[in-house]
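Hello,

Here is the structure I promised to pass on. Please open it first, then read my notes below.

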Amino acid sequence: MPAIVTAEDKPVRRARKKRSDRWLGEVKGIVAVVLAAFSAVALATFDPTLPPAAQHGPAGPVGIWLGWAFFRAFGWAGFLFPLLLGAWGVSVFVRPLVTRGWLWLAGLGLLLVSATGLLAQAAWEGGAVGTTVSGGLQA
């Protein structure tokens, strides 16, 4: 006689999925920390007074391009990107102090735009975004 299997008799696989999500989150955290370190080296060795074609850095041509793009767009506030990316990568391995969602991302974006605007007002080193923000606020 065939046995009747009900939904209650089937094994639950939810724990395995949660475990694989944690593994994927840890891989994302490691990649974020590596990218943060690479971009920090690229920004630290980039000289904004020289043209990108005349520079040679330890991060190679990709690092020079990355440093040029960050300095051109955000000025010295571009150093916030590796800092925030590294903090996000490390937060995967420690207990999160804030809830996850979109609100913290909006706050970090507002911090970056504010920093570029302040740098543009103080020393004309805010990049294109800072110049736009400070011009809009002055109007």
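How much accessible surface does the protein have, and what share of that surface belongs to carbon and sulfur atoms? The accessible surface comes to about 10400 Å². Carbon and sulfur atoms hold 70% of that area. Keep in mind that this is a predicted model, and the values here are computed from it.

The overall fold comes next. The protein has five helices and zero strands. Read from the N terminus, its elements run α-α-α-α-α. The chain counts 139 residues, and 24% of them are buried. Now take the contacts in the protein with a separation of 6 or more: 61% of these come from residues 24 or more positions apart.

Two packed helices are described by the angle between their axes and the distance between the axes. Here the pair is H3, residues 80–91, and H4, residues 103–123. Their axes come within 11 Å. They cross at roughly 160°. Angles over 145 degrees count as roughly antiparallel, so H3 is roughly antiparallel to H4. The crossing of H3 past H4 is right-handed.

Which residues meet between H3 and H4? From H3 come Leu 80, Phe 81, Leu 84 and Trp 88. From H4 come Trp 104, Leu 108, Leu 112 and Ala 115. By class, the residues of this contact are eight nonpolar, no polar and no charged.

Over to you.

Best wishes

Notes: Residues are numbered from 1 along each chain as its sequence is written. This is a predicted model: local features need pLDDT of at least 70, side-chain atom pairs count only at pLDDT 80 or more; totals for chains, interfaces and linings use all residues. Side-chain values use heavy atoms; hydrogens and water are left out. Axes are lines fitted to C-alpha atoms, for helices over the stretch in contact, and angles run from 0 to 180 degrees between N-to-C directions. Helices (H or I, at least four residues) and strands (E, at least two) are DSSP runs, numbered from the N terminus. Angles under 35 degrees count as roughly parallel, over 145 as roughly antiparallel, 65 to 115 as roughly perpendicular and the rest as oblique. A crossing is left-handed if the near helix is turned anticlockwise from the far one by less than a right angle, and right-handed if clockwise. Contact means heavy atoms within 4.5 Å. Ala, Val, Leu, Ile, Met, Phe, Trp, Tyr, Cys and Pro count as nonpolar, Asp, Glu, Lys and Arg as charged, and the others, Gly among them, as polar. Buried means under 20% relative accessible area, exposed over 50%, partly exposed in between (1.4 Å probe, protein chains only). Accessible areas come from the Shrake-Rupley method with a 1.4 Å probe; for residues, only the protein chains shown count as cover.
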